[in-house]
Amino acid sequence: MSEQDVLVVAEIDGGSISDSTLELLGAAAELTDGSGGRILVALLSDDGGAHAMHLAAADRIFTVDDPLLANYSPQPFLDAVSELIRRENPRVVLLASSTIGLDLAPALAARFKAPCIGNCRGFAIDGGSLKATCSFCAGKLVAELQIEAKPAFISVLPGAFHPAGRTGIAEVESVSIQLEAGAIRFEEMILADASDIDITQQDVLVSVGRGIQQEDNMEIAEELAEVLHGALCASRPIVDQGWLPATRQVGKSGMIVKPRLYLALGISGAPEHMEGLAGAEVTIAVNTDPEAPIFEAADYGVEMDLLDFAPELTEALKRKKVAH
Amino acid sequence: MIHQTAKPHEHVGEGFLEELLSHPEGHDILACMQCGTCSGSCPLGQSMEFPPRRMILQARRRDMESVLSSPSVWMCVGCYTCTLRCPREIDLTDTLWPAVRDRALQEGVQPPPELQTALQNLYMYGNVLGKSPRKRLDWAKDLDVPVTDLSKEHTEVDVLWLVGCYPSYYPRNQVVSRAFARMMTRLGISWGVLGVKEKSLGDCDRLFGEEGLFETLVETNKELFQRQKFKTLVLLDPHSYRALQVFYPRYDAGFPAQHYTMFLADYLDKLKPMLTRPVPCKVTYHDNCCVGRRCGSYEPPRELLEAIPGVELVEMERNRENALCCGGGGGGMWLDGHITEHGGKRLSDERIRQAAATGASVLAVSCPYELSRFEDSAKVAGLEDQIVVRDIIELLAESMGLVEGDNS
Amino acid sequence: MKIVVVLRQVPDLIEPLEITSEETALDYDEAGFLVNESDDHALEQALLLAEAGSAEVTALAFDFGDVEQTLFSAAAKGVENITTIPWEESAPPSADVASSMLATAIRSIGPDCVFIGCQAHDELEGALGPRLAVELGFPYLGVIRGVSATGDENVVHAFKEFPGAAKSRMSVRFPAVLGILAADQPPRYVPVSRIRAAMKSAEFDEADLEPVGCSGAVAVTRLSFPAKGDGAQMLTGSEEEVAEQIADILIEKGVLT
């Protein structure tokens, strides 16, 4: 084993390897480039590592197969990854900023008395030190960090790295680890209400954030969505209020969408939300705050109050439609 | 634990009547003869489960439980029609409603979420919009007249201008603020502002029933004003004006104050010769509830409008004491969702139609909320090509050659 | 069940953020502070459980930022036990220091469960909850939207949020640390008069702790504002003009049909 190995903790989402896992492999490739380090993958499942073939871009895949790993619960996952870390002694452990990764990364770091960083957008190994760039204060600031200790546990932001391809010559090794259920156990996965529309399949999305201010103002966004033949969606605070169902939530803990047009109204652009729309073709953001992080990621920006601007836009679009 | 209050009640609303009667203004509640004029006059009375008359009935029966948890509690928009018309002169809007709302909050009733946010913003930032207090004077950046910032210099001024939350932060209103600044300078008035130290006067939350929050703001403002030397406070916002006239004195924090319409009307002799450019249009004026019904001032805004060359002033059928409220007061700005959810309507939608029916091309207003409310309603009613909304200040400034005609 | 809720102060992003002259940290003296949003949700979730059954809630916070405001508000919401941890620095404690000191304070309170928000926008080293859990020797579950009691007072159900509006129902046997994303209902409103009353009557306990040094495993070499170089093309003009521009863009892109 090399001193520069990178271990990727793979995730299975909805029956297949998650997109963020492939991005982690891409990130690992950057880190190990020229260092002689290997790209290692921890694949935890109850299906004998059936998804290993999609992780072929790695050098070595360790599959841990156990019924306790069919669904996430803290102890089996922590114990399995910990054991692999002890065996392989990687320099860096990469995890996604996912619902699982956010629980695991700091816990692993604490167990190994090692450093952990979150919201990572980029990194490099520079003369033995690991340097990372992270998003700070909901994207309003950028922090550059230096980490000396090993292993370093890094939670990576989605969309920060190019995904690796699915082909390669990885070796697969099945690892047998004694696992216990622990005090926190999985009981049931409760899926979304299927009767609502699937915003991940929509071409045009009009998304509202806190800038909408009142539930009563939602109709401004609805009219705009209607004239564009699109669907309404929102950032988490709007769903928390109950103004839209959870199936309309875009972001880390909601839906990942890939529309042709994403119109963000009154959304500041916190990283958790931005993760949801990394796949949008054209993003237009309307916000009164010129410093709002969303203006970095959007293609076009309008520094206005959505309550004034959105109705104007609806009118302009109606006129253009008639003229067309 | 949610009902853990300073004095635990056996049942919800217990002792409400006694508490109300202990205030001098609340004593009149016993004079109510249940005539129903209040409920009949209330623009939203038909949608309320407990309009004023029924509320008083329940209070006298000592049965407030169903009232406090009813959506009616959050449907009053502070228009004062009931107060003005009550034959027994009971202080309904300013005393009964805040008392009911205050008790509801104490009992753990959760106000509509938008209202909660407004109150929290007020508490944390001193403005309902939740904007950074440090940016409160940004509207005056690059202003072409000097601004005396009393948070930085201790100068004696004639006018301490309390700009207000919307006029400080909201783009549509900032236009009016800048025009007013230019006007006062042109008139040779010595004026100053509190800059980033300015806080809301708290009129909204007083009517929301947030007495604790109001007290906090009164204390802060009293201290701020006492440190300054001025002859009068001038306000753009009628609600704040009414708070200073009616409520602040009850806390021993009374200061001389004028709404800008009264203030400028006093300067008419000096102002008239400056109104050199004609503004030819038919204008109808909407009486705001606080300066109008509550404080009885109807003529100064009209005097100002009639002084503008080219302006033809026409009246809506419902004017002065009978003007129909825009629905923005008493927390109304944050209650449209709640009101429409419970069978009410947006009053400004109806009022803009009344304005357009006069044939006027301009609806003149003198309240910061009304600009956005009526412009919004004009769009909803499809009337935005027929009638525009302007603050009186904007029309005066146009005639003085202080702005570029169309909102700049 | 005895629940400790950790309440943290974070920089208020409404206020403009400033960086120190060394460019390695936020200028905390200039920052405004407020309670971390998901910690507020954690408190709400604990209060809901307390109202539903026989849970007892203790709030625990570092004496930092505008913490008094947060704690008086907690008292006004009905939290009877409030403990502060002394903290003199103008910068907040780093993750390992926070975790170590909180764990010491928590051990002397001896709860069944610790609730903490699952994220805070000023965390550089990942969520604090899992780290605190390892320190305490408790298991951790985070990104939780809703917790409900079961028939067993040592077990609750926690709902962990997954992508696509899915959630997993997990059974949690105490002791445990739960990282809350959102409570079953938004944090309740408490009237200012109650907060003011609490300011007069509420008493806080102070944890008897010595500050702990930090390990320095992660060093900030530079803190900066994101480069504005590439970013959105800002459209300017009147509302009508910008609306026209966007309509034209959409036609060009074939989105407007």
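Which residue of chain C stands opposite A:Gly301? The residue opposite A:Gly301 is C:Met234, in β13(C).

## Basis of the model

This is a predicted model, in which local features need pLDDT of at least 70 and side-chain atom pairs count only at pLDDT 80 or more, while totals for chains, interfaces and linings use all residues. Residues are numbered from 1 along each chain as its sequence is written, and chains are lettered from A and ligands numbered from 1 in the order in which they are written.

Chain A has a mean pLDDT of 90, and 99% of its residues reach 70 or more; pLDDT is the predictor's confidence in each residue, from 0 to 100. Within chain A, helix α2 (residues 74-88) has the highest confidence, at a mean of 98, and helix α6 (residues 271-274) the lowest, at 81. Helices (H or I, at least four residues) and strands (E, at least two) are DSSP runs, numbered from the N terminus.

## Chain C against chain A

The contact between these chains takes 67 residues from chain C and 77 residues from chain A. Two residues are in contact if their C-beta atoms, placed from the backbone, lie within 7 Å. On the chain C side, the elements that each supply at least two residues include α4 (128-136), β7 (140-149), β8 (155-162) and β12 (218-224). The most comes from α6(C), with 10 residues. By class, this side of chain C has 42 nonpolar, 10 polar and 15 charged residues. Here Ala, Val, Leu, Ile, Met, Phe, Trp, Tyr, Cys and Pro count as nonpolar, Asp, Glu, Lys and Arg as charged, and the others, Gly among them, as polar.

Strand pairing also links the two chains: β17 (residues 300-302) of chain A and β13(C) pair in the parallel sense over 2 bridges. Two strands pair if DSSP finds at least two bridges between them.

## Strand β10 of chain C

β10(C) is largely enclosed by the rest of the structure, because 7 of its 7 residues are buried. A residue is buried if 20 or more other C-beta atoms lie within 10 Å of its own, exposed if 12 or fewer, and partly exposed in between, with C-beta atoms placed from the backbone.

β10(C) runs parallel to strand β6 (residues 113-117) of chain C, joined by 5 bridges, and C:Cys113 stands opposite C:Ala176 of β10(C). β7(C) also runs parallel to β10(C), with 4 bridges. In β10(C), C:Leu178 is the bridge partner of C:Leu141.

## Domains of chain B

Chain B is divided into domain 1 (16-106), domain 2 (113-265) and domain 3 (273-399); domain bounds come from an automatic or database domain assignment. The C-alpha centres of domain 2 and domain 3 of chain B lie 22 Å apart. Each of these two domains gives 29 residues to the contact. On the domain 2 side, α9(B) gives the most, with 8 residues. That side holds 17 nonpolar, 6 polar and 6 charged residues.

## Chain B against chain A

Here 9 residues of chain B are in contact with 8 residues of chain A. On the chain B side, α17(B) has the largest share, 3 residues. The residues of this side divide into 3 nonpolar, 2 polar and 4 charged.

## Domains of chain A

Chain A is divided into domain 1 (6-175) and domain 2 (199-323). Taken over C-alpha atoms, 32 Å separate their centres. Domain 1 and domain 2 of chain A each have 10 residues in contact with the other. The domain 1 side has 3 nonpolar, 6 polar and 1 charged.
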